[in-house]
Amino acid sequence: MSVEHAWLLVFSVSAWEAGLSGACRHADIAFRRQQKAQLGDDTEAVRYAQICEDIRVLSSQLPALHRVRLAAASIAALDQAGPHHPWCLSEDVERHPFAMVPEARLAGHGQVLYEVRHPFAFGPTPSQEAGELREPSGTWRPGGYGDEVPRGMMRSEAQTHLWNEQLDRAAAGNDVPLVPDGIVNSVLTEGLRRYADGEGRPNVRARVLYRDGSEARPVPLGALRMLGGLPDDWLQLRLASMSMRHPEMDTDVDGALLRNRVISRHRPSADTDEVAYQQTLRRLAAFTKHGPVCLHIYQAGFEPAILGIYRAVLEHLTHRPQTLAVCTHYYRGPEDYEAGTVWRAQ
Amino acid sequence: MPATLAQWARCEGIALDEDSPSITPARARELLLAATNMAPALRDRALSFAAGSGLSVERVCYLLLSGIWKPIELDFMLACSPRAHDMLLGGSDALNRPRRDAEEQVAVAAAMLGGLHQRVQNNAADQPQVVEDDRQPVSWEVIEALGAVKLSGLCDALPWTGRALCPESVLVLPRLWPDSRDDMLTRVGDDAAQVVVLVPADAEIDEPAGVVVLRHPDRLAALLRSVGTRFANSRVGRR
């Protein structure tokens with residue numbers, strides 16, 4: 001393959017600021033906005049990239065005082081440096097990743113360093129390390145069937161087996177992640193509820209891995225002593241888990257816990273899980289601010305949202321156990337819901 | 001086991017247990033590779049890349065089957081960039097600008113190549129659209145050390161240039177920022193194929209001697225947006 005070269009250019013501050021100060025300022029604004037943006041929102045990142053391309057064009061019209069090629073070790077160090085602009089005033093080098101590269105020392109006082117990369121430089125092709133193809137996954141079969149393929153097993157039954165086996169292994173302390181994708185939401189929720197109870201189980205934090213490869217926060221299993229029964233004298237609140245997912249539920253609920261517009265975005269599932277978790281945590285705190293609440297969740301089946309919601313429920317119950325009880329309602333038909341197990345802690 | 005699936009698997013030389021109600025992951029991998037239908041050179045490169053990088057074969061197949069990357073684009077990225085692994089997973093942090101910039105340059109170059117390959121295969125710009133598969137089989141070969149692709153089997157005039165050129169093959173150097181001092185432009189002069197530099201519509205470039213400039217219809221900003229979308233799709237795709 002072609003070789004990637006990186007160059008460090010040095011310009012005078014006066015020339016740089018005369019031609020590029022405005023663009024750099026706008027780039028910095030986009031950079032800071034992107035750092036505060038919600039997970040999955042890359043609007044400002046796109047704007048930042050376009051401004052940086054404009055800066056590259058403008059800088060190519062300036063006379064460079066010095067030009068030095070970065071060593072491979074310097075390129076690798078800058079790659080690992082995290083978010084940073086490709087330019088820096090020489091006075092600010094110590095606060096910039098350029099401080100890690102020896103080539104930056106050629107810049108004097110009152111100068112600007114600027115890095116450019118050329119991925120198509122002609123050079124000896126570096127050969128990739130030889131290796132073995134990752135093995136295909138092993139064949140999973142529900143427990144109790146041995147090598148026999150269970151014929152006639154319904155999909156929901158197979159999912160129940162799969163999810164429970166994952167929870168079982170995680171609760172036993174095996175470093176095997178939970179993979180919630182494709183599991184029916186009632187199976188998902190009831191399984192979590194069962195293993196959230198610490199009766200006869202150790203307290204573990206189970207990894208959560210989604211099919212797109214993204215990993216979310218761990219879910220605590222066995223951390224609480226769960227109770228049954230819904231208190232009648234607590235404030236009763238009925239919410240759909242997500243708005244605009246099942247409008248047929250609208251007449252049965254007081255509102256929605258999460259907004260579909262915020263949750264259903266094009267981003268890795270773990271990011272969606274995190275957004276659902278953070279928003280649910282805030283809302284539970286707000287609901288229970290003035291007294292205990294019995295929350296009835298009328299549930300839609302979006303796995304990252306479910307994991308995020310119930311992770312937040314578990315965390316709230318861990319810190320404030322006597323303020324919240326949650327009852328899940330699974331949609332079975334018009335005005336027909338199946339009640340799930342109550343989430344309430346001692 | 002659906003009969004049509006079993007029949008197709010037999011045609012591809014994949015033995016399925018037709019009495020079984022399931023397909024094992026190992027067989028699924030074979031079927032996916034067969035369904036992806038990569039050219040032999042791309043297939044070898046993809047498998048070698050998967051073995052060396054730790055990325056799953058299924059991931060590479062998914063990127064092609066879902067249309068995130070075209071075969072020529074994927075072949076180019078795998079051959080010409082040491083950052084292919086990060087790019088196929090959706091690119092690095094957009095705020096680590098130098099690293100992301102290196103990835104975007106390769107990805108935009110690949111995207112321009114994909115557009116050119118599609119264009120020379122169809123080559124019906126001035127004609128009414130005909131609903132028939134009258135694509136010309138234009139083959140490609142990636143020249144790794146040059147960061148270039150040789151297209152062979154061209155039948156019509158080269159698009160996106162003001163010149164009337166009808167070469168049978170071209171050596172295409174896709175670049176965002178061609179440098180007139182680029183060594184490659186002098187080194188490729190020995191090749192019998194016509195050398196062309198493929199750039200975005202708004203690239204400022206002086207046409208080097210002996211080299212034709214093809215201007216992609218899209219400006220750099222549009223190409224960057226397209227690449228950004230592909231990176232985003234790669235991030236949420238199945239691993």
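**Between the chains**

The side chains of B:Arg83 and A:Asp79 form a salt bridge, with 2.8 Å from N to O; the term asks for a side-chain nitrogen of Lys or Arg within 4 Å of a carboxyl oxygen of Asp or Glu. This is a predicted model, where local features need pLDDT of at least 70, side-chain atom pairs count only at pLDDT 80 or more, and totals for chains, interfaces and linings use all residues. Residues are numbered from 1 along each chain as its sequence is written, chains are lettered from A and ligands numbered from 1 in the order in which they are written, and side-chain values use heavy atoms, with hydrogens and water left out.

Across the interface of chain B and chain A, the rule finds four salt bridges. In all, 60 residues of chain B are in contact with 53 residues of chain A, contact being heavy atoms within 4.5 Å.

**Inside the cores**

The largest nonpolar core has 53 residues. Such a core is a set of buried Ala, Val, Leu, Ile, Met, Phe, Trp, Tyr and Cys residues joined through side-chain atoms within 4.5 Å, and buried means under 20% relative accessible area, taken with a 1.4 Å probe on protein chains only. Among the residues with the most contacts inside this core are B:Trp69 and B:Leu74. Beyond its neighbours within four places in sequence, B:Leu74 is in contact with B:Leu42, B:Val60, B:Leu64, B:Trp69 and B:Leu88. There is also a second, separate core of 47 residues, including A:Met242 and A:Val326.

Key: Buried means under 20% relative accessible area, exposed over 50%, partly exposed in between (1.4 Å probe, protein chains only).
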